[in-house]
Amino acid sequence: MNPRFYLHGNCQVVEGPRFSLIVDLFRSRHIRIPTQLVETIHELGIFEYDQLAKHYGSQAASLTAFVGFLEHNDYGFWTREPERFPPIDDRWDPKGHLSNVVIDLAEDTQSATLSLVFSILDELLCRAALLRVRGSVDARCLRRIQEATVQSYTSHIEVECEDVVLDGEFVVALDMNPRLRSIRHNRRVGLSMNDQRIQQRATYTISETGMIYNAEFFLESGSYNTFLNRKAYIDIDGNFSNIPNGENFGNLYRMDSATLKTVTQNAAFRKYWSIATSKISKCRSCEYRRSCYNPQVPITDGLGEWHYAELCDYDPHTGVWRSSTAEQSREIFNPVDRTNQR
């Protein structure tokens, strides 16, 4: 048996109407190819090496360039034993009733309150939290966060605030918070502190450069809404919801962890969890559907069709970003001039 060519199991094809992606889940990278090449990828596993030139005839040179590009960049391989390389398990089912929460806090929220919140979240195996502080964040605030989370299961914490009070104590307190990944503020004037964790808040816009290509995001997006799945919102009074400014499912400060677990299993609370991009009009045909983070709540027309109130700048049927048309063309595989490039 002559060898046949296959994509690595971690290299997944996401097909679009004009262009498609090959996403490398292990290296968090991708290439963009014309969709007509997707059928070619499938056929590579059907024909043996010495049959390919005969099957493709005058297109054999282009095929050789395409396969050479994939092999050179480690997206695929030749083998006589494909049964030794089974497909990856594409199920996404991590532990935990919640994966992340957004918590609104007053500027003077005390350590005891924060400790109560995180002790409850620990029972739910919540891994990430965004703390939205109404006011300024100073060294005392950072120390309270550190005290409340020093033994917490929540390992990824971000803070949003109006301003940052920078001084020597702030720097020390920031370094004492290994779980604190970023502080985003609304201050118009830039800060003198050169720390990548401290950033000005910016409006999120869906763009080509903002796509996410890691394995966890890709697997979750196949069946779930990556913005709302296993997510909760807790307002400044402790009211618990599944979407921003949504239905109140109870008060965190008046519920124990057992009650909260019951709430997260409620079908109404989970309403948006499974509304993946494959169920949203326009998004379902886009090649970026498994890599796109869209921070909007899906809207239904009542007939089972879902959509977003605001559409992004990309048209999957033309393959053009209205705001960055020059940039998008650089990622498209060209079998003539990219054979030997990484």
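## Nonpolar cores

A nonpolar core is a set of buried Ala, Val, Leu, Ile, Met, Phe, Trp, Tyr and Cys residues joined through side-chain atoms within 4.5 Å. In this predicted model, the largest such core has 40 residues. Leu98, Leu131, Phe170, Ile183 and Phe240 have the most contacts inside that core. A second core stands separate and counts 19 residues. Val67, Phe69, Leu70 and Tyr75 are among them.

## Overall architecture

The chain has 342 residues, and 46% of them count as buried. Its secondary structure comprises 9 helices and 18 strands. Along the principal axes, the C-alpha atoms fill a box of roughly 75 × 50 × 40 Å.

Contacts reach across the sequence. Take those with a separation of 6 or more: 69% of them join residues 24 or more positions apart.

The model holds 16 salt bridges. One of them pairs the side chains of Arg132 and Asp104, with an N to O distance of 2.7 Å. Arg132 sits in strand E7 (residues 128-134) and Asp104 in strand E6 (residues 100-106), so this bridge ties together parts that are 28 residues apart in sequence. Arg132 counts as partly exposed because its relative accessibility is 31%. Asp104, at 11%, counts as buried.

Arg184 and Glu160 also meet through their side chains in a salt bridge, at 3.0 Å from N to O. Here strand E11 (residues 180-185) supplies Arg184, and strand E9 (residues 156-161) supplies Glu160. The pair links distant parts of the chain, 24 residues apart. Both Arg184 and Glu160 are buried.

## A salt-bridge network and a local pair

Some salt bridges share partners. Through them, Asp24, Arg27, Arg29 and Asp74 are joined into one network.

Another pair is Asp89 and Arg91. Their closest N and O atoms are 2.5 Å apart in a salt bridge. Asp89 counts as partly exposed because its relative accessibility is 44%. Arg91 reaches 65%, so Arg91 counts as exposed.

## Cysteines

A disulfide is a covalent bond between the sulfur atoms of two cysteines. This structure holds 0 disulfides. The cut-off is a pair of cysteine sulfur atoms within 2.5 Å.

Cys126 is buried, with a relative accessible area of 0%.

For Cys312, the closest cysteine sulfur belongs to Cys292. The distance is 6.2 Å, which is also too far for a bond. Cys312 counts as partly exposed, because its relative accessibility is 23%.

Technical notes:
Residues are numbered from 1 along each chain as its sequence is written. This is a predicted model: local features need pLDDT of at least 70, side-chain atom pairs count only at pLDDT 80 or more; totals for chains, interfaces and linings use all residues. Side-chain values use heavy atoms; hydrogens and water are left out. A salt bridge is a side-chain nitrogen of Lys or Arg within 4 Å of a carboxyl oxygen of Asp or Glu. Buried means under 20% relative accessible area, exposed over 50%, partly exposed in between (1.4 Å probe, protein chains only). Helices (H or I, at least four residues) and strands (E, at least two) are DSSP runs, numbered from the N terminus. Contact means heavy atoms within 4.5 Å.
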